[in-house]
Amino acid sequence: MRASEVRQRFFDFFKSKGHQIVPSAPMVVKNDPTLMFTNAGMNQFKDIFLGNKVSSSARVADAQKCLRVSGKHNDLEEVGHDTYHHTMFEMLGNWSFGDYFKKEAIDWAWEFLTSELKIDQSRLYATVFEGDSADGVDRDEEAAQCWNKYLPEDRIINGNKKDNFWEMGESGPCGPCSEIHIDLRNDQDRQTKSGHELVNQDHPEVIEIWNLVFIQYNRKANGELTQLPNKHVDTGMGFERLCRVLQKKESNYDTDIFLPLIRQISSLTGVKYGKSDDSDIAMRVIADHIRTIAFSITDGQLPSNNKAGYVIRRILRRAVRYAYTFLDVRRPFLSGLVPVLIEIMGEAYPELTAQKELIDKVVYEEEESFLKTLATGIAMLDKIVEDTLAREYKVVDGKVAFELYDTYGFPLDLTELILSEKGLVVNRREFETEMDAQKARARNAATMETGDWVVLRDDNEEEFVGYDFQETDVYITRYRSVKLKNKEQYQLVFNITPFYAESGGQVGDSGYITGGNEKIDIIDTRKENDLIIHIAKSLPKDLHEKYKAVVNVDKRRRAASNHTATHLLHKALRTMLGDHVEQKGSLVHPDYLRFDFAHFQKVTPDEIREVEKMVNADIRKNIQVEEHREVPLEKAREMGAMALFGEKYGDVVRTIGFGDSVELCGGTHVHATGEIGFFRIISEGSVSAGIRRIEAVTAEKAEELAYNQADVLEEVASLLKSKGQLRKSIENLISQNSRLTKDLEGMMQNFLKIEKQSIIDGAEEHNGVKVIVKQVKPELGGNLKDLAFQLRNEIEGEMVAVLGCEVKGKPQLAVILSDDLAKGGTLNAVELIRAIAQDIQGGGGGQPFFASAGGKNPAGLDSALTKAKALITEKFA
């Protein structure tokens, strides 16, 4: 049974049981501060479980794209090394929101596996929660009795809290779960040892395939469990594992989900799958990682150095590193896997096909860049090896290895592999100390203590009225305290709110609430899932008072101008550059706007000017907004509304139109484009491979920019005493500067020549070795290395020179030896520079024949040179 058929069978089965089949949410999470990526099928339904939202259907089923590479759900190190762990995987799930519970969930799971898919019943086991006295929870007898209809007692296994009690986080909805495991061993092995003993023991052939979670409790911040008013079912079945079972394979990687990718890797690299364990693991890692990379890009997350983008960059680089180390790949090749991935998964996930060009471009350029990083890292490592061997050490400083990893992205295991070939090892304890310190810094920066919600009013339907009103009367329905870096703030939820919460790239509103005799500032408004949260530094005294909520109207107006301008900019860019241009991110701030878009080359100055003209022309037309709320998604698409990849849209949406520009958008906008006033682009550049970024200003900020530029021109004209010929005056100044620079360079060369001859004439001779120890003039500071090498080339026979110089308050030292001295071992430039650099409070390094150092203490130059002369004289006395 092909993978595509398995997925469809699941949908058809649960549709027959009254479930609505919904699309996968994006793998990259937005509006949830606790998650970067969707790591379980339940993530998109979190608000329903929390009671913040009512589901449009009580029964739902889907196939969800998931990613597990960080936090407690982190399978990264197992990927490729075993047969069943993955970074990106599909989770087949069925859900009940206050409808059916344990009986139906277990009955239908059994029916689907054994009747629909014909899986051998004798190979199946079920686990149930054994209970936990600390939480006051008994064994899940209800689930056990349901399983008794299908399985003998010896195949119903008690599971502990770790394996059989599911929790969303440290607090929130939770409950016991019942896992279905399958024993895939051959008959002989099954007779020798019961599968009962191998369930949840990490046996590669006795694996979990389906987890049925029964959400019936809420864990409070103090750890206490309370019953939920509505009980839910949340199930998740590993799609890749299920396909392995049905296709009778020993590994997920042998199924038609992965095998075509592995064959393509083999074809592109010339390495046969099965050749060795190392190359096989590498191929499996790459086949897994290309799925993660491609789906992340389609969902709007590009590789970067921050947060989720950094995770994706690390995964891409991990794939490159495995190819580099074990498949001997020295050129970009990962993008060659994308067509095969689309062939496998493009029908189920059409966004892959639609975004193919972007995926190709981003993957190729990221891979090419990292291969250069690897080459740089190897060159640096060669230098480290040389220095370590020169000092006759066998252990490389862990701090040095960490710097290679942290600053240059050079992986530790590759460092260790290269060092082992030279008989060296890394001080892992030092490396791990540095790594732990970095993690601790990150944890401390991000740690937030969150209290329980205190519910004041039973009102879960928070209504946003900010499109029509900037102030309204509100009641606080719930609040909680949060501490970040030991600063306490309060999060307030209202029954109704005019405050726009940060989303869709637009920053959240600020303002205040007032009532009685107090006024509480609202410093920000954010979304947590679909809950609008108002941030305040203090808590109102009377929490049951009616308050007037007032938005900062000026800040809202400026943000609205910039948001509308992004829509006009998007349209203008597509008109100017082509329909391949698609929004890939935005920031709408009251003071400026930032717009990221797919485009594969720099936007020229002429193109930028034309785009500005198009946007300003639309502003002058004063186009009225055409807004439609509560529009069915398909109807909105028929209207021509542009949807963005990586966004999760509901069944009904809001459309915003300004003439030909029609987009799905929940942000705030001007009533007519004339309110924007004026639009200017202030910068255009690359964000990452295939993605450009434009920053622009509107209204008062655009006017301010024009005035500032005019003032600068006027000041420059005044300085140059230019009247109407500013360009010509600047060209003359540049020409004159070029001539003077050349004259100065010539003078410096003459000065260097004279100084060099003076230094040579002053050389002393000790036992046939010419010795120079000299502090040179500051003007030669920038040429110290050049001067040292010229001395080496012009002095015949054995020589050693130690030069010192002070440049802008910073001391510099250089040591150079003739080849004979360096090779003979009598002197070593590195050892000498390190001995004398202490006097200038510096450190140095280099090669046996040349080394240099910089320091902090210029007063120590004389003593450093004196020490150098003494050490050299002692050697040749």
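Visitor: Which residues does Asp140 touch, not counting those up to four places away in sequence?

Guide: This is a predicted model, so to speak of local features takes pLDDT of at least 70, side-chain atom pairs count only at pLDDT 80 or more, and totals for chains, interfaces and linings use all residues. Residues are numbered from 1 along each chain as its sequence is written, and side-chain values use heavy atoms, with hydrogens and water left out. Contact means heavy atoms within 4.5 Å. Leaving out residues up to four places away in sequence, the ones Asp140 touches are Lys102, Val128, Phe129, Pro176 and Phe214.

Visitor: Is Asp140 buried or exposed?

Guide: Asp140 sits in the loop between strand 6 (124-129) and helix 4 (141-148); helices (H or I, at least four residues) and strands (E, at least two) are DSSP runs, numbered from the N terminus. Buried means under 20% relative accessible area, exposed over 50%, and partly exposed in between, using a 1.4 Å probe and protein chains only. With a relative accessible area of 6%, Asp140 is therefore buried.

Visitor: What about Cys146: which residues does Cys146 touch beyond four places in sequence?

Guide: Cys146 lies in helix 4, and its relative accessible area of 9% makes it buried. Not counting residues up to four places away in sequence, Cys146 touches Lys102, Lys103 and Ile106.

Visitor: How is helix 1 oriented to helix 3?

Guide: Axes are lines fitted to C-alpha atoms, for helices over the stretch in contact, and angles run from 0 to 180 degrees between N-to-C directions. The axes of helix 1 (residues 3-16) and helix 3 (residues 102-116) come within 11 Å and cross at roughly 130°. On the scale used, under 35 degrees is roughly parallel, over 145 roughly antiparallel, 65 to 115 roughly perpendicular and the rest oblique. So helix 1, relative to helix 3, is oblique.

Visitor: And which residues of helix 3 are in that contact?

Guide: The crossing of helix 1 and helix 3 is right-handed, where right-handed means the near helix is turned clockwise from the far one by less than a right angle, and left-handed means anticlockwise. Helix 1 brings Arg9, Phe10, Phe13 and Phe14 to the contact, while helix 3 supplies Trp108, Glu111, Phe112 and Glu116.

Visitor: How many nonpolar, polar and charged residues make up the contact of helix 1 with helix 7?

Guide: Ala3, Val6 and Arg7 of helix 1 meet Phe239, Leu242, Cys243 and Leu246 of helix 7. Ala, Val, Leu, Ile, Met, Phe, Trp, Tyr, Cys and Pro count as nonpolar, Asp, Glu, Lys and Arg as charged, and the others, Gly among them, as polar. By class, then, the residues of this contact are six nonpolar, no polar and one charged.

Visitor: Which residues touch the most other members of the largest nonpolar core?

Guide: A nonpolar core is a set of buried Ala, Val, Leu, Ile, Met, Phe, Trp, Tyr and Cys residues joined through side-chain atoms within 4.5 Å. The largest one has 120 residues, and those touching the most other members are Leu113, Trp147, Trp210, Leu242 and Leu334.

Visitor: Which residues is Leu113 in contact with, leaving aside neighbours within four places?

Guide: Leu113 is one of the residues that touch the most other members of that core. Setting aside neighbours within four places in sequence, Leu113 is in contact with Lys118, Ile119, Ile180, Ile209, Trp210, Met237 and Leu242.

Visitor: What is phi at Lys808?

Guide: Most residues other than glycine have a negative phi. Lys808 lies in the loop between strand 34 (799-807) and strand 35 (810-817), and a relative accessible area of 83% makes it exposed. Its phi is positive, though it is a residue other than glycine, with a value near 55°.

Visitor: Where does Ala699, another residue with a positive phi, lie?

Guide: Ala699 is not a glycine, yet its phi is about 50°. Ala699 is buried, with a relative accessible area of 16%. Its place is in helix 20 (residues 699-719).
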